[in-house]
Amino acid sequence: MTVLIHISDLHFGPKFDEHLSEVILSEINAAKPDLVVVSGDWTMRGRVSEYERARDYLQKLPPPVLTIPGNHDQPLHWMGSVERFTRPWARYRTYIHQDTDVVFRAAGLFVIGLLDSHNLLPGGIWSAAQRRWMQKELSSAPSDACKVLVMHHHLLWQGKWSPAGQWFPQRTLNRLAKFGVELILNGHTHIPVAAQSAQGIVIAQAGTSMSTRTRQGHGNTYNRIEISETTIDVAIHEYDSAANHFVPKTHAAFPRRKEVAQ
């Protein structure tokens, strides 16, 4: 069995909760996951001071860690306006990871992470070059590996515009199913979701792990995902202030659609 811990939308900055970050770190260390996934929005406004704190936290996470940037990880303040238009991900590359599109390989597991944020347009967008790279990488995965895609924006729109999600979600899901993707990890909305699409892809959407910017009555959460030969198990853990730790809120076991990946 493979265990993933999925956190998202940390938002180091004014509304970051230091205590929650330490609780989650303790629980991640205790879980001893095969991979920690951070699906974007390390910072609130992409300030250097926020990135310095994010870098220090990244260094505390137990390796291996796969991370991508989110829309908040570009300079979103007037002093960074020029950099946002010319080098939007330069600070992420300096403080978090040199690449914004990444791959992780392990026995029975193939994880690809792609930047899908744009410096001008809202929502999730991939370039033609990214789509070609994604197809090439996914095609190279071992036939017995569970293919996982990490992105920041959501594919389940729930009929609402704000916050904007991935453009053309059904077209994207059809494409990913064709490539054999079995699991998608994303954040962005600050609303946790565990579901299986019509294409058979399991979608585990993480809420905000450490920011007080929670939405629609949901608290701070992270996802624990267990991948076996037959199922993908998603447990959403939510912070319980009385117990001072994260407790399982919902749990769902989805059948692996291996026939999709062939």
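Reply: A definition comes first: two strands count as paired if DSSP finds at least two bridges between them. The model is predicted.

Start with β2 and β3. Strand β2, residues 35-39, pairs with β3 in the parallel sense, over four bridges. Within this pair, V37 stands opposite L66 of β3.

Now the whole sheet. It is open and has six strands, in the order β3-β2-β1-β10-β11-β12. The pairing is mixed. β3 (65-68) and β12 (245-255) are the edge strands, and each pairs on one side only. From one strand to the next, the twist averages 20 degrees.

Helix α1, residues 18-31, packs on this sheet. The helix touches β1 (2-7), β2, β10 (221-227), β11 (231-240) and β12. The direction of α1 makes about 50 degrees with that of β12.

The largest nonpolar core has 24 residues. I7, L10, I24, W42, Y57, L61 and I96 have the most contacts inside this core. At least two residues each come from β1, α1, β2, α2 (48-60) and α4 (90-95). α1 supplies the largest share, five residues.

Leaving aside residues up to four places away in sequence, I96 touches W42, Y51, A54, R55, L58, T67 and R91.

Conventions: Residues are numbered from 1 along each chain as its sequence is written. This is a predicted model: local features need pLDDT of at least 70, side-chain atom pairs count only at pLDDT 80 or more; totals for chains, interfaces and linings use all residues. Side-chain values use heavy atoms; hydrogens and water are left out. Axes are lines fitted to C-alpha atoms, for helices over the stretch in contact, and angles run from 0 to 180 degrees between N-to-C directions. Contact means heavy atoms within 4.5 Å. A nonpolar core is a set of buried Ala, Val, Leu, Ile, Met, Phe, Trp, Tyr and Cys residues joined through side-chain atoms within 4.5 Å. Buried means under 20% relative accessible area, exposed over 50%, partly exposed in between (1.4 Å probe, protein chains only).
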